[in-house]
Amino acid sequence: MQFSTYAKTLAAALSVVVIAGCSSGGGTQEGTDGGMSSGQQGTATTGGATGYGNGSGAGNAGAQNEIPSVRTIYFDFDHDTIRPEFESVLNQHAAYLQSHPDAHVVLQGHTDPQGTREYNLGLGERRANSVRQYLAVQGVNGSQVEVVSYGEERPASTGNSQEAYAQDRRVVFDY
Amino acid sequence: MRRLAAFTGLFLMLAISAVARADLDIQITRGSNDAIPIAVTSFNANGQQVPQNVSDIITNDLRNSGKFAPLSSSNLIATPAPGDQIDYAAWQNTRASYLVDGRVESTGNGYKIVYELHDVFGNKREISANVTGSEAQLRQSAHYVADQIFEKITGIRGAFRTKIAYVISTGVDPNMSFSLYVADQDGYNPRRVLSSNEPILSPAWSPDGSKLAYVSFEGKRPSIYVQQLATGNRIKLTSFKGINGAPAWSPDGRKLAMSLSKGGSPDIYVMDLGSRQLSQLTHGSSINTEPNYAPDGASLIYTSDQSGQPQIYRYNFGSGQSQRVTFTNRYNAAGHFAPDGSAIFFVTRTSQGFQAAKQDLASGRLTVLSKTRFDEAPTVAPNGTMVVYATEKGGRGILGATSADGRASFEIPVPDGNVQEPSWSPFTK
């Protein structure tokens, strides 16, 4: 079960950030992957897809005073890429963590039960790392986030249906 | 693999009652065509009540090895006792190649099994012996008899007194229970050695059979522990950031290979147990896990998805280089060496699902051993004759077993719950 690397996603996300930045700022020409210094872009701009700003609660997400209620996101078979419909969930967690520097979250990575247990620990870790890196791009301090992979050890469902497997492939925010 | 969840709240009660349950049945799912016909008589006890059916224990051991086809009791023409004159010509008519007869005698504080092995077509007595033990040891005494018969006829050391460790889980997240058990190789006498609300996985026997290394998530982070089975004493060996997984003993018992992701992704490391020094064998961003030492200790195999899919690789300690070993099928993982080092057993993904497979290392030929959809974690008997794997039946995890040539298979009874991660012990004593 091969997951595409997060790097591709990150590069794609950053391109969006750059394009968005270019159109609003108007100061640079078309952004290319090659032109990006990822570290600076990652910390300077958050949420390319939604476009809200970084820093002291500016932007449409605002300061998040409550721990976001949606704490589980799901993944496609064989993938560790963030599905677009879950980006808003991650953005809320990013905003909460940034406005609560003392908050700490464990990202639990889970897989479906197909394949061997130890290998699935590796796959679950890739999923949780994918979320961790997304949060980092939003500006979340890495010391607030920890990854623990459970692999297939803590299934969310029973049975061998594709629907059950889809419930199992998840990352849980455990505050 | 998924197992149907049992009743979490009742787990403790169920587990205890399952342990106490005495009517565990071994289900034969497939027989072997080339098995040697053997007659095992009833081992009567002169009318005394004996707490174990010694004849059944011996018969099951021999049948499950795949190398013997015990005659059904209705085909036994007589019930000779040790010392009796045997009518070999009459037994030859039953087509049995061998005859085992015996009796069980009470010794006051235990039992003595007196037994004989006859070569029916050779017209001669091959073994005449006895074994004595306490009542609690009666099953082990019967397994001892099976070991002697097996070795005399096949020339292969019997492994009927070995153990199997496995994990039973119940429930779904967040309400789960996990228990680590050690049972006789035929599934009897399951003993719980660890319980937790957090995952337990990858039990691995030390080469002397006295300790288990395993991964436990107690404390909500994975750590590798080493537990003494006789005392229950244990140490936490590793708790690095990230994955602490897949412990595997070196043949001399002085090192433990493992998979750690402290460097960013899972890689194979070896820890010297005396100095606790770590050396890193693999590098890169792929998943590298499930190490298993070759019997000579000069190499180990492991799973890596560096090619895009998990495949088995072999790391040579002399050269420091790895070479890919599996090429048939797109998913091959969790490899274990055969005790003689000539083959590896592992999980392969076929069009039917995940199955236990064997690959001969000289020829590279892969043989699929199991027949069902969710077979994993194959573990080999220390004499190389049998393989046990986790599988599923009726929505519940069970242990399947097969002869190493794939010709005979059966199921091993386990306590209620979803059984996973079987690990066959080495020979002890």
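## Salt bridges between the chains

In this predicted model, the side chains of B:Glu421 and A:Arg117 meet in a salt bridge with an N to O distance of 3.8 Å (Lys or Arg side-chain nitrogen within 4 Å of an Asp or Glu carboxyl oxygen). Between chain A and chain B, the count of salt bridges is 7.

## The interface

Chain A brings 36 residues to the contact and chain B brings 50 (heavy atoms within 4.5 Å). About 3400 Å² is buried between chain A and chain B, with carbon and sulfur atoms giving 49% of this area (accessible area lost to a 1.4 Å probe, summed over both parts). A:Arg117, A:Glu118 and A:Arg154 supply 22% of what chain A buries against chain B, more than any other three residues.

## Confidence in chain B

Chain B has an average pLDDT of 90, and 92% of the residues score at least 70 (predictor's confidence per residue, 0 to 100). Over residues 1–26 of chain B, by contrast, pLDDT stays under 50, although the model gives this stretch 69 contacts beyond four places in sequence.

## Basis of the values

Residues are numbered from 1 along each chain as its sequence is written, while chains are lettered from A and ligands numbered from 1 in the order in which they are written. Local features need pLDDT of at least 70 and side-chain atom pairs count only at pLDDT 80 or more, whereas totals for chains, interfaces and linings use all residues, and side-chain values use heavy atoms, with hydrogens and water left out.

Note on methods
Buried area is the accessible area (1.4 Å probe) that two parts lose on being put together, summed over both.
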